[in-house]
Amino acid sequence: MAKGSSGVRVFQGLLIFGNVVVMLCGIALMAECIFHVSDQHGLWPLLSAANNDDIFAAAWIGLFVGFCLFVLSIVGIFGIMKSARKVILAYIILMLIVYIFEVASCITAATHRDYLVPNFFLKQMLQLYDNKNWQNDDQFRNYMGLTKSWNRVMTESNCCGVNGPEDWIKFNSAFRSTHLDSDFPWPRECCVTDSFNQIKELDACKLGVNGYVHSQGCFEFISGPLNRHAWGVAWFGFAILCWTFFVLAGSMYYYAILEN
């Protein structure tokens, strides 16, 4: 088919448009993944301490893919405008590699949601919160990071435990091994505070008097942001894959019809 024919020019225009959309999607994917890996909600330690931070790994892959899509779409546009077969071939090969990476990112993010259940966080909280029986520096950093994250979540979200303050007295935990129930049955972060961030009534909080201890669990404040990030990375990435598939197929066809 002649390069200058009207049909080829229309096809070129469609491929260029398709790659412009891919470029914009790459920028959007980078922005989304940067927001996710920056951990605005400070939840990464809760997953890292349990060696289950794959959702953040998926976001890092997505960040890499977004950058690659941005760069490769420019290469593709250049190759299509110049009808350069070698450039288009390099574009197709590299885009296929990036495509595989994005498939991995989507699958990782989507399957990670299976772990975002109350029992996962409950077990982790009971075993690791305020646990001072670390064996090495890595465990120390993980346990301290997790404890700080739990304290921040309970303080900022006005919640206690995973399902409620009863979690601390129903089950054995690292916290209970170092704190008597008569002293404090749950962390002080579970207590209601005044406008000066001071505990309103310490004794009432110890006794679990309604209005002086946060009765709501923290699960929804933890799982909510993580679920949104997981779905964002997975389904936005999937939408990009669908669009990129057709752009890639068109590029392969265009490469095949170009004259040597």
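What pattern does the protein chain follow, read along the sequence? It runs α-α-α-α-α-α-α-α-α-α.

**Before you start.** This is a predicted model, in which local features need pLDDT of at least 70, side-chain atom pairs count only at pLDDT 80 or more, and totals for chains, interfaces and linings use all residues. Residues are numbered from 1 along each chain as its sequence is written, and side-chain values use heavy atoms, with hydrogens and water left out.

**Whole chain.** Show the protein chain as a cartoon. It has 10 helices and 0 strands. Both are DSSP runs, numbered from the N terminus: helices are H or I with at least four residues, strands are E with at least two.

**Helix α1.** Select residues 6-37, which form α1. Its 32 residues should span 46 Å at 1.5 Å a residue, and its end C-alpha atoms are 46 Å apart, so the two agree. The expected span is 1.5 Å times one less than the number of residues. Next, pick D39, which follows α1 and has a positive phi, near 55°.

**Helix α4.** Go to residues 85-112 and pick C106. Is C106 buried or exposed? It counts as buried because its relative accessible area is 8%. Buried means under 20% relative accessible area, exposed over 50%, and partly exposed in between (1.4 Å probe, protein chains only). Now show what surrounds C106. Leaving aside neighbours within four places in sequence, it is in contact with V233, A234, G237, F238 and L241. Contact means heavy atoms within 4.5 Å.

**Helix α5.** Select residues 118-128. The buried residues here are F120, F121, L122, Q124, M125, L126 and L128. Just after α5, D130 takes a positive phi of about 60°.

**Helix α10.** Finish at residues 219-257, and pick N227. N227 counts as buried because its relative accessibility is 18%. Which residues does N227 contact, leaving aside its neighbours within four places in sequence? They are R113 and L116.

**Zoom out.** Across the protein chain, buried residues make up 45% of the 260 residues.
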